[in-house]
Amino acid sequence: MVSRAGGLGCELLKDLALIGFKDIHVIDMDTIELSNLNRQFLFRRKDLGKSKAEVAATFINSRIPGCNVTPHFSKIQDFDESFYRGFHLVLCGLDSIVARRWINGMLISLLSYDDGELDQSTIVPMIDGGTEGFKGNARVILPGMTSCIECTLDLFPPQVTFPLCTIANTPRLPEHCIEYVKVIQWTKENPWDVTIDGDDPAHINWIYEKSQERAAQFGISSVTYRLVQGVVKNIIPAVASTNAIIAAACATEAFKLATSCCMPLDNYMVFNDLDGIYTYTYEAERKEDCLACSQVPKNVYIKKLDMKLQDLIDYLCEDSAFQMKNPGLTVYTDGKNRTLYMSTVASIEEKTRFNLKKSLLELGLKDGSQVMVADSTTPNTVVLSLKFTPPSDVVMI
Ligand SMILES: [Zn+2]
């Protein structure tokens with residue numbers, strides 16, 4: 001199964017089909033846009049607006065005899081365990097960390113354990129490729145056996161933002177100048193009295209011209225229109241050759257796993273061709289208390305006894321080990337489940353909002369309480385064990 005038919009996905013489908021895989025499914029919820037056509041080579045101008053998954057499948061099926069690609073014009077989250085259980089391998093060409101984490105959680109939920117012993121027949125390997133400009137990585141995840149996406153979550157730091165003092169006082173990069181115009185000058189001068197629309201050429205042009213002026217003041221060159229677009233829309237340009245290389249590495253791993261012809265990658269390869277070519281492979285380690293694959297409740301040490309529920313939620317969103325998006329919290333006390341807070345359902349949000357200001361003690365939580373957390377980054381419930389009496393060598397919140 002290939003998730004997404006974008007830059008990496010087109011390469012993956014082509015590689016897998018040419019290697020000889022005959023039965024491939026592809027999931028993608030996107031439709032084809034003009035800006036895709038320079039690298040997503042299974043699509044043509046006549047396909048604009050159509051489903052990526054469907055067009056990609058039709059292209060491969062007509063071009064490579066004997067290969068049958070089944071398209072799913074859907075989100076990965078639209079399918080449940082029984083769907084994912086039906087695959088031998090899952091290859092990901094995703095552009096989002098949340099989606100990666102979700103698939104990772106899904107494949108881990110397929111594992112079954114007998115007396116703590118992993119039943120290896122329940123493993124669906126995940127081969128994950130990622131690219132960012134001239135950098136890329138490929139990794140093989142054997143859920144329950146090797147490190148998973150959550151084990152190495154700190155490899156994906158939250159999106160880089162430039163410190164305001166740098167962009168205001170000591171810009172060194174063209175990005176700093178663009179960010180200055182975007183954040184400070186636009187707000188001050190507000191040329192159209194609206195917020196910035198990254199798809200409006202007039203807006204981009206205005207920012208482009210002002211950024212050039214500012215760059216000139218500081219002796220900085222190479223502010224380009226494309227870079228302005230990239231910074232304003234927070235996108236890093238996709239490089240077709242990086243996609244091709246990473247997809248080839250992933251497809252090779254799929255071939256190795258499917259045929260057992262040789263040992264798979266163990267387990268993480270990084271690639272960089274910004275300046276020459278560099279690759280490095282290492283064994284990313286499992287995290288003993290991994291949120292997703294360790295099967296032990298994650299301890300959260302609480303130092304301040306008056307800690308509010310809102311503080312706990314902020315911690316789950318900001319801490320590098322959790323990086324959650326919209327955690328919903330429930331607790332099991334006195335034989336029943338009680339929702340502490342949930343933002344995703346409006347009526348429950350309204351009913352539980354007042355809990356945010358309450359302290360954990362006021363909410364009846366104590367040392368050893370187990371809090372169940374649901375979040376869009378995982379299909380599973382994460383169990384947190386609250387510890388009010390921390391050992392001395394741990395970081396507390
Ligand atoms: Zn893990």
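Predicted model: local features only at pLDDT ≥ 70, side-chain atom pairs only at ≥ 80, totals over all residues.
**Helices H6 and H7**

- Helix H6 spans residues 174-189 and helix H7 spans residues 201-217.
- H6 and H7 pack with their axes 9 Å apart, at an angle of about 115 degrees.
- The two helices, H6 and H7, are therefore roughly perpendicular to each other.
- Their crossing, that of H6 and H7, is right-handed.
- On the H6 side, the contact is made by Cys-177, Ile-178, Tyr-180, Val-181, Gln-185, Trp-186 and Glu-189.
- On the H7 side, the contact is made by His-203, Trp-206, Ile-207, Lys-210, Ser-211, Arg-214 and Ala-215.
- By class, the residues in the contact of H6 with H7 are eight nonpolar, three polar and three charged.

**Helices H7 and H8**

- H7 also packs with helix H8, which covers residues 225-232.
- The angle between H7 and H8 is about 110 degrees, and their axes are 9 Å apart.
- This angle makes H7 roughly perpendicular to H8.
- From H7, the residues Pro-201, Ile-204, Asn-205, Ile-207 and Tyr-208 meet Tyr-225, Val-228, Gln-229 and Val-232 of H8.
- The contact of H7 with H8 has seven nonpolar residues, two polar residues and no charged residues.
- Ile-207 of H7 takes part in the contact with H6 and also in the contact with H8.

**Helices H1 and H9**

- Helix H1, residues 7-19, packs with H9 at an angle of about 40 degrees, with the axes 8 Å apart.
- At this angle, H1 is oblique to H9.
- The crossing of H1 and H9 is right-handed.
- H1 brings Gly-7, Leu-8, Glu-11, Leu-12, Asp-15, Leu-16 and Ile-19 to the contact with H9.
- H9 brings Ala-240, Asn-243, Ala-244, Ile-246, Ala-247, Ala-248, Cys-250, Ala-251, Ala-254 and Phe-255 to the contact with H1.
- In the contact of H1 with H9 there are 13 nonpolar, two polar and two charged residues.

**Backbone features in loops**

- The peptide bond from Asp-266 to Asn-267 is cis, and its omega is near -10 degrees.
- Asn-267 sits in the loop between helix H9 (240-259) and strand S9 (268-272).
- Asn-190 has phi near 30 degrees, which is a positive value in a residue other than glycine.
- The loop between H6 and H7 is where Asn-190 is placed.

How values were computed: Residues numbered from 1 in each chain as written. Heavy atoms only, no water. Axes fitted to C-alpha atoms, helices over the stretch in contact; angles between N-to-C directions. Helix = DSSP H or I, 4+ residues; strand = E, 2+ residues; numbered from the N terminus. Parallel < 35°, antiparallel > 145°, perpendicular 65-115°, else oblique. Left-handed = near helix turned anticlockwise from the far one by under 90°. Contact = heavy atoms within 4.5 Å. Nonpolar A, V, L, I, M, F, W, Y, C, P; charged D, E, K, R; others polar.
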